[in-house]
Every structure is written in C-alpha cells, then in structure tokens.
Amino acid sequence: MNRVLVAGIGNVFLGDDGFGVEVVRRMDAAALPGSVSVSDYGIRGVHLAYELLGGAYDTLIMVDAVEIDGPPGTVAVLEIDDEPVGVAQVDGHGMHPQAVLDLLARLGGRVPRVLLVGCRPQTVDEVMGLSEPVAAAVEGAVAAVTALARDEAYRRTDRERADA
C-alpha cells in the first residue's frame, strides 16, 4: 500500500486562500486507509518541505487555492512535476505549492508522485472566511480528495505491474 500525505495549504486570514485548510479540516480520517495521513499545513510550507524530506511518502496531495481556468469555485486535479523550476523563495509565513517542492529539491528530497487539488479563488484579500463560490466547492472537494487519496493508497506502481 502506498503512503500518501494530504496537505492542506493556505492562509485563513486571506479569504479563499484558506480553501485547502478548510478541505482537510472537514476530511474524515476514518474513511481513509491507514497509509494516508491528512494534515493542515496552513502557511507552514517550510515545515511541509522538511516533513517530505525523509522520503516517507509515495504520493503528496496538496490542496490549495490556485489560479486555474474557470470561474471562482472551479476545482481541478493537476499532476505536478516535482522538478524545481527555480530557487525556492523561503517564506516562514506561507509558500505556494511549487515553492515547497523547490525547497524540497534544494534540500535533496523528492516525492515520487505529486498531485494538486486546486480551487480558483474569488478573493485573497485580508478577510476571514471563504467566498460563496469557494465555500460551495468545499464539500465536493472533500469527497474528491478522499477518493483520490484512497485511489493513490491502492495504486499499483510501474514496478509492481512489471513484477506481476
């Protein structure tokens, strides 16, 4: 069984940026295999990078507010190449998903498979609480992330398929 980390990312003081935090807060760990960990990393991107450094996970599922196509509240699953795209800009108060992966690579670590469940924000102003369209997307995202985490836990790797 694959080891999966579901990481909620975002700043709850910046409106819809708190999407990832809200999704993982509502997830039911009992509905997931034991090899799946769910955690709210919030603005602690550096902490997430160090958590991943040990190589304890086969799949990372990050949940965050991201600029994707579609109206606010649109949710999409993206497969992320964990290759660094530049020098990681370390910020102790928040890091976007690519910055976390860049820092991880700079520290000498990697995760074999990285997925991002993103939701297009309506506002990232200094306000607490999600906008109406993003709040409406949370329950569907919880179900999608739960199913994705379960699928990833049981996904056969290329090596396992070759051995079969």
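Predicted model: local features only at pLDDT ≥ 70, side-chain atom pairs only at ≥ 80, totals over all residues.

**Helices, sheet and cores**

Guide: Helix 3, residues 97-106, lies across strands 1, 3, 4 and 5, and runs at about 145° to strand 3. Helix 4 also packs on the sheet, where it touches strand 1, strand 2, strand 3, strand 4 and strand 5. The direction of helix 4 makes about 165° with that of strand 5.

Visitor: In what order do the five strands form the sheet?

Guide: Strands of a sheet pair through backbone hydrogen bonds, in either a parallel or an antiparallel manner. Here the order is 2-1-3-5-4, in an open sheet with mixed pairing. Strand 2 (36-42) and strand 4 (75-80) each have a single partner strand, so one side of each has no neighbour in the sheet. On average, neighbouring strands are turned by 20° against each other, direction ignored.

Visitor: How many bridges join strand 1 to strand 3?

Guide: There are five, and these two strands run parallel. As one example, Val4 has Thr59 in strand 3 as its bridge partner.

Visitor: Which residues have the most contacts inside the largest nonpolar core?

Guide: In soluble globular proteins, nonpolar side chains tend to be buried together. The largest such core here has 23 residues, and those with the most contacts inside it are Val6, Phe19, Val23, Ile61, Val63 and Val145. Helix 4 gives the most to this core, with nine residues. Another core, of 19 residues, lies apart from it and includes Tyr57, Val66, Val100 and Leu104.

How values were computed:
Residues numbered from 1 in each chain as written. Heavy atoms only, no water. Core = buried A, V, L, I, M, F, W, Y, C linked by side-chain atoms within 4.5 Å. Buried < 20%, exposed > 50% of the residue type's maximum accessible area, 1.4 Å probe, protein only. Helix = DSSP H or I, 4+ residues; strand = E, 2+ residues; numbered from the N terminus. Pairing = 2+ DSSP bridges. Axes fitted to C-alpha atoms, helices over the stretch in contact; angles between N-to-C directions. Contact = heavy atoms within 4.5 Å.
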